[in-house]
Amino acid sequence: MKRTDFPKGFKFGTATASYQIEGGVEDRSLSIWDEFSHTPGKTKNGDNGDIACDHYHRYEEDVEIMKDIGVDAYRFSISWPRVMTDGIKPNEKGIDFYQRLVDKLLENNITPFITLYHWDLPFYLYKEKNGWLNSDIANYFQDYAALMFNKLGDRVKYWITLNEPWCSAFLGYFVGEHAPGHRNFQESFYAAHNLLRSHGKAVIAFRDLVKDGNIGITNVVMKVEPLSNDEKDIKASKLVDQYINGWYHDPIIYGKYPEEAVISLKNMKLDIPENDFDIISQKIDFFGVNYYTRQVIAFDENHPLKFKHAEGPLPKTEMGWEIYPKGLYDMLVEFNKKYKLPLYITENGMAGPDKLENGQIHDDYRINYIKDHFKSALEAIRDGVDLRGYFIWSLMDNFEWAHGYSKRFGLVYVDYNTQKRYLKDSALWYKNFLLNK
């Protein structure tokens, strides 16, 4: 398998998120992740993103690393509380940081892909305006999006409204593992709905302000499979597939939530205005696919929604996630058939037991992981999927949310004591791959 096996113009890149790498907390207002990570017991070892990888001060070095590796594109997110104080008032110093970052990328022939929201909601909007539970949040998000389109839309032509709204809603408002740490099942669906409304409002602003660009949304995409051939397991797995995959894609394309999932939630009595779907279903240009693993599902009589997660038999990453490249192929083919939109793999990668030894990190397991998933992507393309790019998660080790700094996903190793960067063997392999060696 070589780079030239992929279509001409296919974009190979890498990805990051603002709170996970930037640091520079002194030059922005607070986000829900600042509050959450500084709350005892919420993150491993009490870790937080105050400094992270100090990318805010070291972005030029990090762009040079990307240039050295040879990536075509870089997907990064903007910190809403950095460019708008409290999420409301423009902050020119924060805006200037992203102006400089974009210009540096373009100078080095790296195409910027911007994600507007990667989970760092301004804390003021959460505390004073009820965050994603307030339908007005869509208007605040539209104002923020419009500001960014005006400031960067002349140079940036690829935009993503939201990263993984399933995680924002489900992990943030029901499981409580992510900020803001709520544990309310019904709230998670209201949050999800307002996230999708915000997406739609941003697309409306984009069409008005950026005439020659592309905009889409990225969600976590999981292959969901039944534990057995038992009819109850199969039915349960189909329902979970609708909660994870269909709930965040069907409304955008079809203007409605998946029917079986809606029926299963009938006792919740979600109060959703019908015309909200006119906002949510704005025409987009692509779907971003964040693929890491699969879910194995079994029927469970005692669960409110009649299912439970089962452990699959395959090897796991350091996150405990099954390594299942076939699932990537399956989901690309399914999305291509169901939604008929161009696709980008906006995240794929693995956390590994990386060790720095004599300035080197030997991570053959990550190289094998990437190779196997590249093969699945290439097979999907050969079977007719309109796949246009592949972003490895992540450019460098970083703050892994509730796991703190205990998990390493990067192509580049970060020594958090010195902030020194080291290219892992996987980064060197990627470099050779991109050189078609």
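Predicted model: local features only at pLDDT ≥ 70, side-chain atom pairs only at ≥ 80, totals over all residues.

Me: What is F141 in contact with, leaving aside its neighbours within four places in sequence?

Reply: F141 is in contact with W80, L116, Y117, W132, T161, L162, S198 and A202, once the neighbours within four places in sequence are left aside. Take S198 from that list: S198 and F141 are 57 residues apart along the chain, and their C-alpha atoms are separated by 6.0 Å.

Me: Nice. Now S168, where is the place of that one?

Reply: S168 sits in helix α8, residues 165-175.

Me: And is S168 buried or exposed?

Reply: S168 is buried, because its relative accessible area is 8% and the cut-off for buried is under 20%. Setting aside neighbours within four places in sequence, the contacts of S168 are Y117, W119, N163, Y173 and L195.

Me: How many residues of α8 are buried?

Reply: In α8, 8 of the 11 residues are buried, so the helix is mostly covered. The buried ones are P165, W166, C167, S168, A169, L171, G172 and Y173.

Me: What covers the buried residues of α8?

Reply: The cover includes the strands β5 (111-117), β6 (158-163) and β7 (214-220). It also includes the helices α6 (123-127), α9 (185-209) and α10. Just after α8 comes G176, with a positive phi of about 80°.

Me: Since β7 came up, what about T218? Which strand is the place of T218?

Reply: That's β7. T218 counts as buried, because its relative accessibility is 0%.

Me: Which residues is T218 in contact with, leaving aside neighbours within four places in sequence?

Reply: T218 touches R75, I160, L162, N163, E164, P165, G288, N290 and T346, with neighbours within four places in sequence left out. As for Y344, it is 126 residues from T218 in sequence, and the two are 8.8 Å apart in space, C-alpha to C-alpha.

Me: Changing topic to helix packing. At what angle do α3 and α5 pack?

Reply: Helix α3 (residues 55-69) and helix α5 (residues 92-107) pack at about 10°, with their axes 10 Å apart. That angle makes α3 roughly parallel to α5. On the α3 side the contact is made by H55, Y56, Y59, E60, V63, E64 and M66, and on the α5 side by K93, F97, R100, L101, K104 and L105. By class, that contact has 7 nonpolar, 1 polar and 5 charged residues.

Me: How far apart in space are M66 and F36?

Reply: They are 31 Å apart, C-alpha to C-alpha, and 30 residues apart in sequence.

Me: One more pair, please. How do α13 and α14 pack?

Reply: Helix α13 (residues 325-339) and helix α14 (residues 364-382) pack at an angle of about 25°, with axes 8 Å apart. So α13 and α14 are roughly parallel to each other, and their crossing is right-handed.

Me: Which residues meet there?

Reply: From α13, P325, K326, L328, Y329 and L332 meet D372, H373, S376, A377, E379 and A380 of α14. Sorted by class, the contact of α13 with α14 has 6 nonpolar, 2 polar and 3 charged residues.

Me: And α13 itself, which of its residues are buried?

Reply: P325, G327, L328, Y329, D330, M331, L332, F335 and Y339 are buried in α13. They pack against β8 (223-226), α10 (231-254), β9 (286-290), β12 (343-348), α14 and β13 (387-393).

Me: Last one: how far does α13 reach, first C-alpha to last?

Reply: With 15 residues, α13 reaches 21 Å from its first C-alpha to its last, close to the 21 Å expected at 1.5 Å a residue. Following α13 is K340, whose phi is positive, near 55°.

Definitions and conventions: Residues numbered from 1 in each chain as written. Heavy atoms only, no water. Axes fitted to C-alpha atoms, helices over the stretch in contact; angles between N-to-C directions. Helix = DSSP H or I, 4+ residues; strand = E, 2+ residues; numbered from the N terminus. Parallel < 35°, antiparallel > 145°, perpendicular 65-115°, else oblique. Left-handed = near helix turned anticlockwise from the far one by under 90°. Contact = heavy atoms within 4.5 Å. Nonpolar A, V, L, I, M, F, W, Y, C, P; charged D, E, K, R; others polar. Expected span 1.5 Å × (residues − 1). Buried < 20%, exposed > 50% of the residue type's maximum accessible area, 1.4 Å probe, protein only.
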